[in-house]
Amino acid sequence: MKAHNSEVGVFVRVRPTANFAQDLIECLPDGQTVNICHRKTSRKPRDSNKSQLSSWSFQVEGVLQDVSQEEFYNQVCRRVVLGALDGYNGSVMCFGQTGAGKTYTMTGSTESYKQRGVIPRALQEVFQEVEKRTEHAFTVHLSYLEIYNETLVDLLPSLRGTQHPSPRGMVVTEEPGRGVFIRGLSLHPVHSEEEALNLLFEGEMNRIIGSHALNRNSSRSHCVFTVHIESRSRTLSDSKYITSKLNLVDLAGSERLRKTGSEGQMLKEAVYINKSLSFLEQAILALADRRRDHVPFRQSKLTHALKDSLGGNCNTVLVANIYALYSALCRQNEVSPG
Ligand code: ADP
Ligand code: MG
């Protein structure tokens, strides 16, 4: 297998909001630069009417503003999905605050077929390719994992009883030859797009039910939908199986709760999320740094579970979902930047 570019591709997707807010996020015509304007308010009461505008500029592989779900999939995700069919592990991860459009991007809106997100589009593409690539025999399995406060939850617990849940729950495990896998997480064989979509729908329902029944706010957990692909040449009689994984990840909301403003469960969730997101950041920075040969994957369940789909011979895309929220406030107290 040829060496593959192991750098992480970073994209920004800007969710549409009312016009007045757009001035906070400036997307430059090069399609790769986004400037963010932020208003800092003084905490001191006597300075309360003073605020400062500061701005940051970010350079990424692509800034996508007002793009349709179809354009987004084609520009950002398609190559990762096709790579998985060629045998390369891949991950697409959405990162951002609650309300920024992560779930819309990954799963999409049920309002219309046009608004379906990355996961249903990827499933469609996988099965279209399986039909087309007649020289290979493919097997496809799905799994859907939720990570809440460092606890692993199976969103598609096996109905057929083929896989007994381990009494000690699920664990991230590594075995030579098999790589990283989650012991106890059910893998479901699927033979068509329709079958795959039914499982996705079931997993989404379990995510919602879990959030009500067990008081798990679904925006406070990471959700990892994985397509496990196995292929073997039909023409070469002694050919080996090629396996790959495609992880489609809806990360927990990245908002930082003010230390004083949250307590109990909310605080606990925020602590776990901040930890696992900063471990993810550390792993990604280490991967991007060619001089480093150690990448700290085992510090959190998330990075450990994604280990062989982030580094090395694979395609990784990180999508930062952003939106402008505070412009109305910003306007009230307008001051010039600097
Ligand atoms: P998150 O998962 O990051 O908390 P959601 O995906 O739930 O955010 O998005 C919040 C709301 O904004 C939802 O009602 C969603 O349908 C809508 N939304 C998000 N992104 C877009 C978009 N690009 N175009 C239209 N509506 C969007
Ligand atoms: Mg969400």
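## Cavity

On a 1 Å grid over the protein atoms alone, a cavity is a set of points where a 1.4 Å probe fits but cannot get out. In this predicted model, a search of the whole structure finds one cavity of 30 Å³ or more. The largest cavity has a volume of about 50 Å³, a volume being the space filled by probe spheres set on points joined across faces, edges and corners.

Its lining residues (an atom within 4 Å of a point) include Tyr 148, Glu 150, Arg 220, His 222 and Tyr 272. Two or more of the lining residues come from each of β7 (136-148) and α5 (264-288), and α5 gives the most, with three. Helices (H or I, at least four residues) and strands (E, at least two) are DSSP runs, numbered from the N terminus.

## Second largest pocket

A pocket is an open set of points with protein on both sides within 12 Å along at least five of seven lines. The second largest pocket holds about 740 Å³ of space. Of its 28 lining residues, Arg 178, Val 180, Phe 181, His 228 and Lys 245 lie nearest its centre. At least two lining residues each come from β7, β10 (179-183), β12 (222-233), β13 (242-250) and α6 (301-310).

## Basis of the values

Residues are numbered from 1 along each chain as its sequence is written, and chains are lettered from A and ligands numbered from 1 in the order written. Local features need pLDDT of at least 70, side-chain atom pairs count only at pLDDT 80 or more, totals for chains, interfaces and linings use all residues, and side-chain values use heavy atoms, without hydrogens and water.
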